[in-house]
Amino acid sequence: MLYLLALLIGVVTGLRVGTALAVTAWGAWLGWLPVGGTWASFMGHWIAVAIFTIVAVVELITDQLPSTPSRKVPQQFGARIVVGAFCGAVLGATAGNTIGGLVAGAVGAVIGTLGGAEARARLAAAFGKDQPAAFIEDAVAIIGGLLIVAAVA
């Protein structure tokens, strides 16, 4: 089950990098992710929660700008894989399996990046504009991310 959850947090990362970081930090802070005594314990500190929440909010805003690059350009894609691996590793750390979570998170990030881009393009085409599709993607990332970290507990 842990590998599936790590894969899914990676998918969230493919949709919204900042959101995955924020929900992982919030999960640790709220005690949903028992990371105390592990290398990932810093994720439960209020400073990590604050920083990653700000990053998530900024990303949600900048995603709406027409100048925002595609998530599939090398820099964006690479960042999603790295962050997906990190968030997966944090989930893995809850069960002492950091490496397994890291790999699952990275794979999920690839799936989320490519699948999310395709889903958003199709939704945007159906709506005739991108903004409603972006809002739906935001909601899926936020709600999905929270449900994933809550399921670890």
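## Some ground rules

Axes here are lines fitted to C-alpha atoms, for helices over the stretch in contact, and angles run from 0 to 180 degrees between N-to-C directions. Helices (H or I, at least four residues) and strands (E, at least two) are DSSP runs, numbered from the N terminus.

This is a predicted model, in which local features need pLDDT of at least 70 and side-chain atom pairs count only at pLDDT 80 or more, while totals for chains, interfaces and linings use all residues. Residues are numbered from 1 along each chain as its sequence is written, and side-chain values use heavy atoms, with hydrogens and water left out.

## Helices α2 and α4

Let us begin with α2 and helix α4 (residues 74–93), whose axes come within 10 Å and cross at roughly 15°. That makes α2 roughly parallel to α4; angles under 35 degrees count as roughly parallel, over 145 as roughly antiparallel, 65 to 115 as roughly perpendicular and the rest as oblique. The crossing of α2 past α4 is left-handed. A crossing has this hand if the near helix is turned anticlockwise from the far one by less than a right angle, and is right-handed if clockwise.

Which residues meet here? On the α2 side they are V17, A20, L21 and T24, and on the α4 side R80, V83, F86, C87, V90 and L91. These contact residues divide into eight nonpolar, one polar and one charged. Ala, Val, Leu, Ile, Met, Phe, Trp, Tyr, Cys and Pro count as nonpolar, Asp, Glu, Lys and Arg as charged, and the others, Gly among them, as polar.

R16 sits in the loop between α1 (2–15) and α2 (17–29). Is R16 buried or exposed? R16 is buried, with a relative accessible area of 1%; buried means under 20% relative accessible area, exposed over 50%, partly exposed in between (1.4 Å probe, protein chains only). Its side chain makes a polar contact with the side chain of D63 (2.8 Å). Such a contact is a pair of N or O atoms within 3.5 Å; within protein, one must be able to donate a hydrogen and the other to accept it, and residues adjacent in sequence count only if both atoms are side-chain atoms. Contact means heavy atoms within 4.5 Å.

G18 belongs to helix α2 and is buried, with a relative accessible area of 2%. The C-alpha atoms of G18 and V55 are separated by 5.4 Å, although these residues are 37 residues apart along the chain. Leaving aside neighbours within four places in sequence, G18 is in contact with F52, V55, A56 and E59. T19, in helix α2, is buried with a relative accessible area of 3%. Among the contacts of T19 beyond four places in sequence are V12, A56 and I142.

## Helix α5 and its partners

Helix α5 (residues 98–127) packs with helix α6 (residues 130–152) at an angle of about 135°, their axes 7 Å apart. The two are therefore oblique to each other, and α5 passes α6 in a right-handed crossing.

α1 and α5 pack at an angle of about 40°, with axes 6 Å apart, so α1 and α5 are oblique to each other. Their contact includes G10 and G14 in α1, and G105 and G112 in α5. By class, this contact has nine nonpolar, nine polar and no charged residues.
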